[in-house]
Amino acid sequence: DLSVKAGIHKINQEPNRELSIEELFLRGVNDEKEGRSLEATRIYKEVLKRDSGYVPALLKLAVQQYLAADFASAEGLMVRAHARDAKDPQVGYVAGVIYKGVGKMGLARDGFWSSIRFGGAESPALIELGEIAIEQKEYAEAEKLLRRALSYNPDDGVALSDLAVALRLDGNLEEASKVASEAAAKMPILPYALAEQWREEAALGDGAAAQRAADVFKNAVGYRSQGYLEAGAWYRNLGDLGSSDFVLQAASKNLAAKEVSPLIYYYQAANAWDEGRASEAANAASEGMKANVEAVFPARPEDATVLREVLAHNPSDAHAQYFLGNFLFAHAHYTEAADLWKQAAGEGFHYAVLDRNLGVYAWKVQSDPAAAAGYYASAIKEAPEDYRLYVALDEIYTQLGKTSEREKLFASAPADVLGHDLVRARRVLLNVEERRYDQALDALAGHNFKPWEGGQIIHQLFVLANLQKGRQAFAAGQFKAAEASFRAALEYPTHLGVGKPEYPQDEEALYWLGRALEAQSQTSAARDAWQQAVQEMRSVEGALEEGGPSSSRFYAALALDRLGHADQSAKILDGLAKGPAEGRKSAYDYYLAGLVENYRQQDGQALASFHRALEMDPGLWQARVALQRESDIK
């Protein structure tokens, strides 16, 4: 949600007050499914403002807090859900998961049994109960619960893996080995199953069989740290610390040193502390501080718990601070994350990604682009070849209005960085904004763009440069040159990586082409261009449920006016102009209103609308170009 992108930034609208609670909640569910997690969270909180005990929203937020390792907040939300509906099986199950996460096993058991009692799916709850029994060293009870779970789903590799652990720890190695092999057969890439199969063979003392199982694990999931961590964390949750260490120690032997995640060592340190092996724990934690920090992504609640344990023993471990900050930021605990990153920097940890992260926090969370610029500049010093840093810093400088700093940024960038699609796009935009249209078009002409990197933005910039060049020529009375630029804007050069779509939506270029032709007394050709603009708008609206881009509708409306259909034109323009007043208050809606106000010579209102659009979304370059045009072309 906080990623930096070139081009249009979508700003979601406030929840519609006319929606029912159920409808509003479902909007949040849809946002969550489509990856807009922050928007979904905001909507769930809005639901709870209307009804503080609405169970579905409480469950959603509780799960989010659990995954963020904020167990206290998650537990508080579940208390509210239980107070509203203690017989909801989902309430019981989620409560069980959360209480299990905080180690309150009695309450966790109550939650899972409650879920079963009131009609919830039995198998998932029974597996959780079986894992609690293993952790409590009640192996016979664990076996009973897990076999009951398997009666509902015999192919569940997790339940089979858990059962194998229970049997092994209860001393039934032969049966455990058979079950572990069955689990691996059912789910041949499940780290738990493969690790337990390996563990069983090692426990049976068959060296050759154990080596074969180790090779299977390594080839299937052990080619990087993640597979070892998955298995090690699973064993740790089951209270089988010996098996957790067995897998984690194998990682440092099987992987190249630079491939061993610091989390491998931190988990070993946590295991050792839990068993009172302080010296071993200190050694493992020390190895964690030395390990490669690249591409480390703590994601499990257990990862956060381990990192907090590491910091409890060594508060100055800058790498643990950095990793825990990454975890918390990914789960929207921004301030706590930033505090940890600043502590890591204060400990002398100099790393481009750390500086970049602090820049993202300052820019996107605190709305402090000036501070963000400093962090990004530091990041570039640490990693001058990372093109993404230049893209972000240019956007920040643009927001701050620091054109000279943008020029210096690109002037000092390495050639490989300047050749990247997105960096080239930002430079093209800078040239357009500085009215260097030929330079912008030259930069686009000399490079083959990859559509999976820039998407439509590259072609949009090509169109923008040609349109701006054409409008400049038109304003100077150079109508033939303007015509050439407007015709160029209708092209789809293959090197831009975007083919002409079924519905091209070229209304703006067609409108201005008509204006240039009309100025040359080519009335019939001008009308043809305007009619084509109107037809394109109608084709899109007839084919797509939501119609085409509203800016295309704006220029189609201008074409209608030129064709003598003033009433139809005014109806469309009125609809665009009234968008913010009628509740459509995205940055783009204000931009569209500004276009209409500018066309109607309501200059003061237009300026206010464009400024408002940029306040809401500083990345909306269309509004910035429109503001610049106010001083150049009427």
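This is a predicted model: local features need pLDDT of at least 70, side-chain atom pairs count only at pLDDT 80 or more; totals for chains, interfaces and linings use all residues.
Beyond four places in sequence, M78 touches L59, A62, V91, V94, A95 and I98.

## Overall architecture

The protein chain has 36 helices and zero strands. Along the principal axes, its C-alpha atoms fill a box of roughly 95 × 55 × 40 Å.

Of the 634 residues in the protein chain, 52% are buried. When contacts between residues at least 6 apart in sequence are considered, 58% of them join residues at least 24 apart.

## Helix 1

Helix 1 covers residues 21-33. Its 13 residues should span 18 Å at 1.5 Å a residue, and the end C-alpha atoms are 19 Å apart, which agrees. The buried residues of this helix are I21, L24, F25, G28, V29 and D31. These residues lie on the same side of helix 1, because they cover an arc of only 160 degrees around the axis. An α-helix has 3.6 residues a turn, so residues three or four places apart point the same way.

The buried residues of helix 1 pack against helix 2 (37-50) and helix 3 (55-67). L26 and K33 are exposed on the other side of helix 1. After helix 1 comes G35, with a positive phi near 90 degrees.

## Helix 35

Helix 35 runs over residues 603-616 and has 14 residues. From its first C-alpha to its last it reaches 20 Å, close to the 20 Å expected at 1.5 Å a residue. A606, S609, F610, A613 and L614 are buried in this helix. The arc they cover around the axis is only 135 degrees, which puts them on the same side of helix 35.

Packing partners for the buried residues of helix 35 are helix 34 (587-599) and helix 36 (621-630). The face turned away from the buried side of helix 35 carries G604 and E615, both exposed.

## Aromatic pairs

The count of aromatic pairs comes to 25. One of these joins Y322 and F323 in a tilted arrangement, 5.4 Å centre to centre with 50 degrees between the planes. Both Y322 and F323 are buried.

W363 and Y376 form an edge-to-face pair, with 6.2 Å centre to centre and 85 degrees between the planes. This pair links distant parts of the chain: W363 is in helix 20 (residues 352-365) and Y376 is in helix 21 (residues 369-382), 13 residues apart. W363 counts as buried because its relative accessibility is 6%, under the 20% cut-off. Y376 is also buried, with a relative accessible area of 1%. Elsewhere, ring pairs link F474, F479, F486, Y511, W512, F554, Y555 and Y599 into a cluster.

## Charges over rings

K364 lies over the face of W363, at 4.1 Å from the ring centre. W363 therefore has a buried position, at 6% relative accessibility, as well as a ring pair with Y376.

R199 lies over the face of F246. The distance from the ring centre is 4.9 Å in this case.

N271 is found in helix 15, which covers residues 262-274. With 0% relative accessibility, N271 counts as buried. Leaving aside residues up to four places away in sequence, N271 touches R236, L241, S244, D245, L248 and R277. The C-alpha atoms of N271 and V247 are separated by 12 Å, and the two residues are 24 apart along the chain.

S123 has its place in helix 7 (residues 122-135). S123 is buried because its relative accessible area of 12% falls under the 20% cut-off.

Technical notes:
Residues are numbered from 1 along each chain as its sequence is written. Side-chain values use heavy atoms; hydrogens and water are left out. Helices (H or I, at least four residues) and strands (E, at least two) are DSSP runs, numbered from the N terminus. The expected span of a helix is 1.5 Å times one less than its number of residues. Buried means under 20% relative accessible area, exposed over 50%, partly exposed in between (1.4 Å probe, protein chains only). The arc is that of the directions from the helix axis to the C-beta atoms. Contact means heavy atoms within 4.5 Å. Rings of Phe, Tyr and Trp (its six-membered ring) pair if their centres lie within 6.5 Å; planes under 30 degrees apart count as stacked, over 60 as edge-to-face and the rest as tilted. A charge sits over a ring if NZ of Lys or CZ of Arg is within 6 Å of the ring centre and within 35 degrees of the ring normal.
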